[in-house]
There are 2 protein chains.
Amino acid sequence: MQNLKLKDIAEKLDLSISTVSKALKDYPDVKKTTKKKVLKYTKKVNFKPNAQASFLRTQKTKIIGVIVPTIIHHFYSKIVEGIILIAEKTGYMVITRCAEESFEKEKKLVKELMQQNVDGVFISISNYTRETSHLQEVINSKTTLIVFDRISKFLSCSNVMINDRDAAYQATKHLIDQGCNSIAHFRGGLLPQIAVDRYLGYRMALEDHNIKYRKELLEICKNSSEKEGYDNAKKLYDSKIKYDGLFAFSDPTAAGAIRFYQKNNIDIPKDIAIVGFSNWELSSYTTPTISTIDHSSLTIGEEMMRLFLKEITQLQKNEKIIFQNSIIPSKLIVRESSTRKLFIK
Amino acid sequence: MQNLKLKDIAEKLDLSISTVSKALKDYPDVKKTTKKKVLKYTKKVNFKPNAQASFLRTQKTKIIGVIVPTIIHHFYSKIVEGIILIAEKTGYMVITRCAEESFEKEKKLVKELMQQNVDGVFISISNYTRETSHLQEVINSKTTLIVFDRISKFLSCSNVMINDRDAAYQATKHLIDQGCNSIAHFRGGLLPQIAVDRYLGYRMALEDHNIKYRKELLEICKNSSEKEGYDNAKKLYDSKIKYDGLFAFSDPTAAGAIRFYQKNNIDIPKDIAIVGFSNWELSSYTTPTISTIDHSSLTIGEEMMRLFLKEITQLQKNEKIIFQNSIIPSKLIVRESSTRKLFIK
DNA sequence: CTGAAAGCGCTTACAG
DNA sequence: CTGAAAGCGCTTACAG
């Protein structure tokens with residue numbers, strides 16, 4: 001059974017190709033009984049018009065291209081899941097692609113998506129992307145561009161972000177509320193904006209609560225790995241630096257630190273209260289469970305789709321397109337690693 | 001800047017559309033210098049032919065559609081990641097879709113992918129899918145169909161599977177090797193094939209080692225949740241049933257059981273040795289870490305792409321297409337929850 | 001070696 | 001209300 005085309009339907013029903021096409025698209029100038037006849041038959045034989053051929057006329061593919069810098073990563077795969085679920089509800093398909101943190105590959109992927117004539121490109125920019133002319137071209141060719149998480153100030157388009165600084169502030173403040181006075185921070189690398197923002201949120205929270213920032217309580221976890229968490233905890237321990245709170249750049253980092261503390265009989269949260277970041281699956285399974293920040297990736301995906309659909313409509317109506325910067329609020333999830341009230345009062 | 005088309009290039013270079021098209025596809029009957037001129041210019045202006053228009057002639061979209069029954073699930077999202085990474089290496093794009101365990105939605109998604117004229121459909125069949133005529137149609141329309149994990153015996157196509165029975169056998173045998181004599185099994189629901197297979201593997205391992213199967217050591221974890229693991233451990237405990245090993249249907253289930261044991265001062269692995277299943281992220285972060293079975297999702301994705309590319313080539317050469325059943329071997333990962341040697345000798 | 005022309009399957013302005 | 005025809009941007013058999 002070959003795929004049916006308009007011509008086959010038309011012949012079968014003794015109608016013209018035009019009429020069948022119009023009936024399918026519910027044009028007002030087709031007789032009701034004709035429409036019914038066509039719909040009944042196409043439903044029966046399960047006919048759907050060829051998407052590629054339609055595109056040549058409509059210029060709409062109903063496909064969204066999503067580019068993430070890395071895919072084997074909790075945060076991004078969750079967001080992609082969110083986009084896919086919402087996209088399906090609104091009749092879009094999603095092509096997911098992975099730039100593997102390479103500027104060259106990112107450029108190539110964008111170009112290929114343009115060649116596919118996707119209706120929208122959602123991207124989180126690679127760490128090594130130095131300039132954004134490839135993304136400017138997306139905008140120029142009237143394709144809706146939405147940048148999320150890792151954005152660029154040089155692009156006029158809608159952005160969806162997380163307020164890492166605020167989230168880090170919440171996390172640190174929570175530790176202070178639990179009675180912590182000297183709070184260490186295992187930060188991410190020096191360059192990534194998210195690492196900088198979380199660091200700044202930490203600093204701001206300290207400042208607002210009159211706690212002096214101490215440089216010796218800051219360590220770096222470049223890869224945000226479990227091992228780095230362990231190693232940094234050990235490093236502080238070996239240098240005999242005392243502290244009673246830890247705000248870790250990520251949950252694995254927090255988990256690594258916990259592993260070290262337990263080995264050395266440091267009680268969590270009594271001796272050191274801990275907050276991680278991003279609500280990884282693991283954080284509900286460690287002993288103790290890890291307090292963390294939840295980003296609600298589903299909400300991020302939802303918000304991107306919402307902005308996309310809005311811009312598509314504005315484009316269609318030839319209205320001015322209004323770009324929007326959405327900030328998705330993060331939520332502190334308090335678990336065992338920082339629930340200290342019982343001990344301090 | 002609008003998207004360029006063949007016509008623009010041809011005009012610019014004072015050539016015909018045909019010649020430009022042929023130069024781009026490296027046809028042998030185009031003068032070398034002409035080819036060079038065309039390639040140089042198209043590279044400069046970053047021209048790529050419109051994919052939809054090409055399709056109308058070539059019938060190739062270079063898109064693969066992947067349908068998973070559920071996406072917010074470790075196992076499937078890993079496989080999708082694998083497919084995407086390998087697909088990109090071979091010039092394919094991947095549309096991921098989620099059937100949400102609905103037969104109706106699955107049918108709809110398949111139809112839409114066919115409408116998109118994808119070159120291949122990779123699917124893991126929903127639990128509620130009662131018949132597979134929608135997938136038979138994929139085969140009929142000469143689109144490569146590859147079914148993975150949840151397969152159907154009624155389809156003539158290549159399959160990629162995991163040998164759950166063998167993996168469960170390995171897991172159980174490992175517990176026996178650790179000195180366990182009475183091994184409980186928290187199985188999945190009664191119907192899913194994977195639950196049945198793991199149960200049978202468990203039974204076979206017991207039998208091969210002359211350990212009598214005891215019905216009272218079998219509990220059901222329908223949703224494979226942490227809570228069910230906890231509850232079942234409690235149930236056995238409350239009924240005073242003694243056992244020294246546990247083979248759990250999944251890592252979260254194992255984690256739940258561990259939580260209960262720890263609360264009741266049952267030592268792991270000394271009192272009860274535990275093996276989980278599927279190597280969830282959490283299994284390396286619990287205390288103790290959980291021994292588990294690793295499926296190597298990346299290998300599954302790789303294998304699907306390999307089969308797909310093979311069939312595509314056979315199709316092109318008009319050769320007979322040879323379907324293949326690939327079974328991806330699983331690997332036992334031994335961690336703390338079952339490392340007992342120290343205690344028993 | 002180059003180019004004119006047909007055609008892939010659809011949509012839609014236009015004529016009747 | 002229906003249908004003939006043009007055209008979307010490409011590929012490729014064919015003529016020269």
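## About the model

This is a predicted model, in which local features need pLDDT of at least 70 and side-chain atom pairs count only at pLDDT 80 or more, while totals for chains, interfaces and linings use all residues. Residues are numbered from 1 along each chain as its sequence is written, and chains are lettered from A and ligands numbered from 1 in the order in which they are written.

Let's start with helix 4 (residues 51-58) of chain A and helix 4 (residues 51-58) of chain B, whose axes lie 8 Å apart at an angle of about 135 degrees. Helices here are DSSP runs of H or I with at least four residues, strands are runs of E with at least two, and both are numbered from the N terminus. Axes are lines fitted to C-alpha atoms, for helices over the stretch in contact, and angles run from 0 to 180 degrees between N-to-C directions.

The two helices are therefore oblique to each other (under 35 degrees is roughly parallel, over 145 roughly antiparallel, 65 to 115 roughly perpendicular, and the rest oblique). On each side, Gln52, Ala53, Phe55 and Leu56 make the contact, from A:Gln52 to A:Leu56 in chain A and from B:Gln52 to B:Leu56 in chain B. Contact asks for C-beta atoms, placed from the backbone, within 7 Å. Ala, Val, Leu, Ile, Met, Phe, Trp, Tyr, Cys and Pro count as nonpolar, Asp, Glu, Lys and Arg as charged, and the others, Gly among them, as polar.

## The wider chain contact

Chain A brings 37 residues to the contact and chain B brings 36. On the chain B side, helix 4, helix 5 (74-89), strand 2 (93-98) and helix 6 (103-115) each supply at least two residues. Strand 2 of chain B gives the largest share of that side, six residues.

## Around DNA strand D

DNA strand D is surrounded by 27 residues, the closest being A:Ser16, A:Ser18, A:Leu56, B:Lys5 and B:Leu6; near means a C-beta atom, placed from the backbone, within 6 Å. Helix 4 of chain B provides the largest share of this surface, five residues. By class, the surface has nine nonpolar, nine polar and nine charged residues.

## A pair within chain A

Helix 10 (residues 226-238) and helix 11 (residues 251-263) of chain A pack at about 45 degrees, with axes 6 Å apart. These two helices are therefore oblique to each other. Their contact has eight nonpolar, four polar and five charged residues.

Terms used
Contact = placed C-beta atoms within 7 Å.
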